[in-house]
Amino acid sequence: MPEQHPLESAFDAGAADFERLAPSLWNPMGNALVAAADVHLGEQILDACCGGGAITIPAAQSAGPDGAVDGVDISADLLDVARRKAGTLSLDNAAFHRSDILAWQPDTQYDVVLCGYAVFFLPDMDAGVRHLVSLLRSGGRLALTTWADGSLTEFSSMLYRHCVAVAGEGAPATTGARDNMYAINTPEKATAWLQGLGLEQVEAVHTPAPVQLNPELAWSVILGSALRLLLPEDPAATEKVKEAFLAELGEDYTLNADTLVVTAVKP
């Protein structure tokens, strides 16, 4: 069998922890993204890198039974979560597919392409978004969320410092994604980026998203995200990181998860 991509392994292993953030972060931001995309009844929609379905579900509800939503992700475990949600709500217009989004070639053009907190994981972010745009019809809408300037910074820096203290310094596996995030983390930068890719009517709105964390939920943020790739491979070392990190974080921590909600139109 082919070797798993590090992100695929991380999100499969952390699916349950990822979902623990759904009520406080993924679901409200998913609803906000679908609202910003102005999804209509009967539309054909792609949820690129759909994760646990926090965007797919409201998109399917907004599109109605005559519309359709394809949720695509590399994580089989998160896709299972999304399928269960759609099944519970009897959303027959939502279909889920395990695929690298860069290899996704549907037999239709979409009215809307949605992508939540994932464009920065694309190895070549410009080429990846061009691929997503190629799946849109003329006049179709692209809508995405990404982390705003300052979002997660204190939290992730604190984690990395404790990882270095326990296991020594190494090149973080998330360096490429971090650089991509920094390149589009303000409304001005995100707008200029998409305009440079030929999109029109670009709007980027800064959306405050403070998330209250107790120690258990704070550790789930790490285990349920790409931040788990910073942790030492040795379980005993990871336990030391966890103990020191949570001790510094305290019993009640407010995570800065401020988000940019970005929309654009394909000419």
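**View 1. Cys 115, a buried cysteine.** Cys 115 has a relative accessibility of 2% and so counts as buried (under 20% relative accessible area; exposed is over 50%, partly exposed lies in between, with a 1.4 Å probe and protein chains only). Its closest cysteine sulfur belongs to Cys 49 and sits 4.7 Å away, too far for a bond (a disulfide is a pair of cysteine sulfur atoms within 2.5 Å). Please keep in mind that this is a predicted model, where local features need pLDDT of at least 70 and side-chain atom pairs count only at pLDDT 80 or more, while totals for chains, interfaces and linings use all residues. Residues are numbered from 1 along each chain as its sequence is written, and side-chain values use heavy atoms, leaving out hydrogens and water.

**View 2. Cys 50, in no disulfide.** Searching the whole structure turns up 0 disulfides. For Cys 50, the nearest cysteine sulfur is that of Cys 49, 8.1 Å away. Cys 50 is buried, its relative accessible area being 6%.

**View 3. Helix α3 packing with helix α4.** Here residues 22-37 (α3) meet residues 56-63 (α4) at an angle of about 40°, and the axes are 8 Å apart (axes are lines fitted to C-alpha atoms over the stretch in contact, with angles from 0 to 180 degrees between N-to-C directions; helices are DSSP runs of H or I with at least four residues, numbered from the N terminus). The contact brings together Gly 30, Asn 31 and Val 34 of α3 with Pro 58, Ala 59 and Ser 62 of α4 (heavy atoms within 4.5 Å).

Note on methods:
Helices (H or I, at least four residues) and strands (E, at least two) are DSSP runs, numbered from the N terminus.
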